[in-house]
Amino acid sequence: MRRILAVDDNEDILDIMKLILEDCGYEVETLTDGNAIFEAIKQTHPDLILLDVMLGNADGRELCKEIKARTEMQDIPVILVSASHQVAERFTLNSGAPDDFLAKPFDINDLLAKVEHNLAAA
């Protein structure tokens, strides 16, 4: 079973993501605190990370860069999630860039398509 770590400071969004993804057969761990992400990655060994850009206590873009900079984590696909549609335009395929972007509010089919695509590419 593929494992996904979803990080968002909005618990309602996390609950929705978890429900949708678990219904499709994924194992989902959730986290509301960006500061605990590296410990969570070490403990859960996710196959993919859904990471909100605007976390209350951290910037998802910076966390993504740090994940991609760590040798033991750099191959984990990261999908940045944000209500700001312009965030995706600012990223290029350089080091530290996310593997994909999902705009909020998201369509269930779009979420699943991006998750499946990035897990298949990993």
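H45 sits in the loop between helix 2 and strand 3; helices (H or I, at least four residues) and strands (E, at least two) are DSSP runs, numbered from the N terminus. The phi of H45 is positive, about 50°, although H45 is not a glycine. Most residues other than glycine have a negative phi, and most peptide bonds are trans. H45 counts as exposed because its relative accessibility is 54%. The terms are set by relative accessible area: buried is under 20%, exposed is over 50%, and partly exposed is in between (1.4 Å probe, protein chains only).

This is a predicted model, in which local features need pLDDT of at least 70 and side-chain atom pairs count only at pLDDT 80 or more, while totals for chains, interfaces and linings use all residues. Residues are numbered from 1 along each chain as its sequence is written, and side-chain values use heavy atoms, with hydrogens and water left out.

## A cis peptide bond

The peptide bond between K104 and P105 is cis, with omega of about -10°. K104 is in the loop between strand 5 and helix 4, and P105 is placed in the loop between strand 5 and helix 4 as well.

Is K104 buried or exposed? K104 is buried, because its relative accessible area is 14%. K104 and V81 are 23 residues apart along the chain, and their C-alpha atoms are separated by 6.7 Å.

## The buried side of a helix

Helix 3 covers residues 60-69, and its buried residues are G60, L63, C64, I67 and K68. Why do they lie on the same side of helix 3? They cover an arc of only 135° around the axis, so they share one side of helix 3; the arc is that of the directions from the helix axis to the C-beta atoms. An α-helix has 3.6 residues a turn, so residues three or four places apart point the same way.

These buried residues pack against helix 2 (37-44), strand 3 (48-52) and strand 4 (78-82). Contact here means heavy atoms within 4.5 Å.

## Two crossing helices

Two packed helices are described by the angle between their axes and the distance between the axes. For helix 1 (residues 11-23) and helix 4 (residues 108-121), the axes come within 11 Å and cross at roughly 65°. Axes are lines fitted to C-alpha atoms, for helices over the stretch in contact, and angles run from 0 to 180 degrees between N-to-C directions.

On the helix 1 side, M17, I20 and L21 take part, and they meet I108, L111, L112 and V115 in helix 4. By class, this contact of helix 1 with helix 4 has 7 nonpolar, no polar and no charged residues. Ala, Val, Leu, Ile, Met, Phe, Trp, Tyr, Cys and Pro count as nonpolar, Asp, Glu, Lys and Arg as charged, and the others, Gly among them, as polar.

## Cysteines

How many disulfides does a search of the whole structure find? The search finds 0, a disulfide being a pair of cysteine sulfur atoms within 2.5 Å. C64 counts as buried because its relative accessibility is 1%. C24, at 39% relative accessibility, counts as partly exposed.

## Residues outside the helices and strands

R2 belongs to the segment before strand 1 (3-7). With a relative accessible area of 36%, R2 is partly exposed. Apart from its neighbours within four places in sequence, R2 is in contact with Y26, E27, D47 and L119. R2 and L119 are 117 residues apart along the chain, with 8.4 Å between their C-alpha atoms.

A83 lies in the loop between strand 4 and strand 5 (100-103). A83 counts as exposed, at 54% relative accessibility. From A83 to L102 the separation is 19 residues in sequence and 8.7 Å in space, C-alpha to C-alpha. R70 is in the loop between helix 3 and strand 4, and at 24% relative accessibility R70 counts as partly exposed. R70 and L5 stand 65 residues apart in sequence and 17 Å apart in space, C-alpha to C-alpha.
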